[in-house]
Amino acid sequence: YLIKNVDFPFFDTMPQNSISLINMNSIKDFEKKIDYKIDHERFRGNIYINDIDPWLEFGWINKKILINDCSFMVLKKIQRCSATNLRLNSDGFDINVPQKLREVYGHIDMGVYLKPLNDGTINIYDNIKLT
């Protein structure tokens, strides 16, 4: 469940009461280019999507998307920090994710921030529409 609560939001450092959207195909593209498996949970996304081209979500900046009956403004790319370097459920470091992103793509971004524009429900397998 995703719940918007102005008094007690469920995010940590996200701007403007936003939530994060991560494209699984962008992660797969990154993995392929560095020849290393990256667990998607390192990116701590609120919403993970499939079935769109890698990095297509970056073209949605300053546009609205609709998931089921929920409208979102796509705010900006998410710059990744050193927290993504840690293996899941561990304090072990195995790869410098931001550094590898910069080496491969010239940026340290993975995913986008969304600002919810209305209340509603989203479900697994809902389609995303650019509005």
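Histidine 107 is buried, with a relative accessible area of 17%, because buried means under 20%. The model is a predicted one. Its chain has 131 residues, 39% of them buried, and holds two helices and six strands.

**Histidine 107 and its surroundings**

- Histidine 107 sits in the loop that runs between helix 2 and strand 5.
- The side chain of histidine 107 reaches the backbone nitrogen of aspartate 109, at 3.0 Å.
- Leaving aside residues up to four places away in sequence, histidine 107 touches Trp55, Phe58, Pro98, Leu101 and Arg102.

**Helix 2**

- In general, an α-helix has 3.6 residues a turn, so residues three or four places apart point the same way.
- Just after helix 2 comes glycine 106, which takes a positive phi of about 80°.

**Overall layout**

- Along the sequence, the elements follow the pattern β-α-β-β-β-α-β-β.
- Of the contacts between residues at least 6 apart in sequence, 74% join residues at least 24 apart.
- The chain exposes about 8,100 Å², and carbon and sulfur atoms supply 48% of that area.

**The largest nonpolar core**

- The largest nonpolar core consists of 26 residues, and those with the most contacts inside it are Leu21, Ile38, Ile65, Met110 and Leu114.
- Elements giving two or more residues to this core are strand 1 (19-23), helix 1 (24-34), strand 2 (47-49), strand 3 (64-67), strand 4 (70-79), helix 2 (97-105) and strand 5 (109-116).
- Which element gives the largest share of this core? Helix 1 does, with four residues.
- Leucine 114 touches Ser18, Ile19, Leu21, Ile47, Ile65, Phe72, Met73, Val74 and Leu75, again not counting residues up to four places away in sequence.
- Leu21 and Ile65, both touched by leucine 114, are also listed among the residues with the most contacts inside the core.

- Isoleucine 19 has its place in strand 1 and is buried, with a relative accessible area of 4%.
- Isoleucine 19 and tyrosine 113 are 94 residues apart in sequence, while their C-alpha atoms are 5.6 Å apart in space.
- Lysine 28 lies in helix 1 and is partly exposed, with a relative accessible area of 45%.
- Between the C-alpha atoms of lysine 28 and proline 54 the separation is 7.9 Å, and these residues are 26 apart along the chain.

- Most residues other than glycine have a negative phi.
- Arginine 44 is not a glycine, yet has a positive phi of about 50°.
- Arginine 44 belongs to the loop between helix 1 and strand 2 and is partly exposed, at a relative accessible area of 42%.
- Asparagine 68 also has a positive phi, near 55°, and is a residue other than glycine.
- Asparagine 68 is found in the loop between strand 3 and strand 4, where it is partly exposed, with a relative accessible area of 39%.

**Cysteines**

- How many disulfides does the structure hold? It holds zero.
- Is cysteine 70 buried or exposed? With 5% relative accessibility, cysteine 70 counts as buried.
- Cysteine 81 is partly exposed, with a relative accessible area of 38%, a value that lies between the limits of 20% for buried and 50% for exposed.

Conventions. Residues are numbered from 1 along each chain as its sequence is written. This is a predicted model: local features need pLDDT of at least 70, side-chain atom pairs count only at pLDDT 80 or more; totals for chains, interfaces and linings use all residues. Side-chain values use heavy atoms; hydrogens and water are left out. A disulfide is a pair of cysteine sulfur atoms within 2.5 Å. Buried means under 20% relative accessible area, exposed over 50%, partly exposed in between (1.4 Å probe, protein chains only). Contact means heavy atoms within 4.5 Å. Accessible areas come from the Shrake-Rupley method with a 1.4 Å probe; for residues, only the protein chains shown count as cover. A nonpolar core is a set of buried Ala, Val, Leu, Ile, Met, Phe, Trp, Tyr and Cys residues joined through side-chain atoms within 4.5 Å. A polar contact is a pair of N or O atoms within 3.5 Å; within protein, one must be able to donate a hydrogen and the other to accept it, and residues adjacent in sequence count only if both atoms are side-chain atoms.
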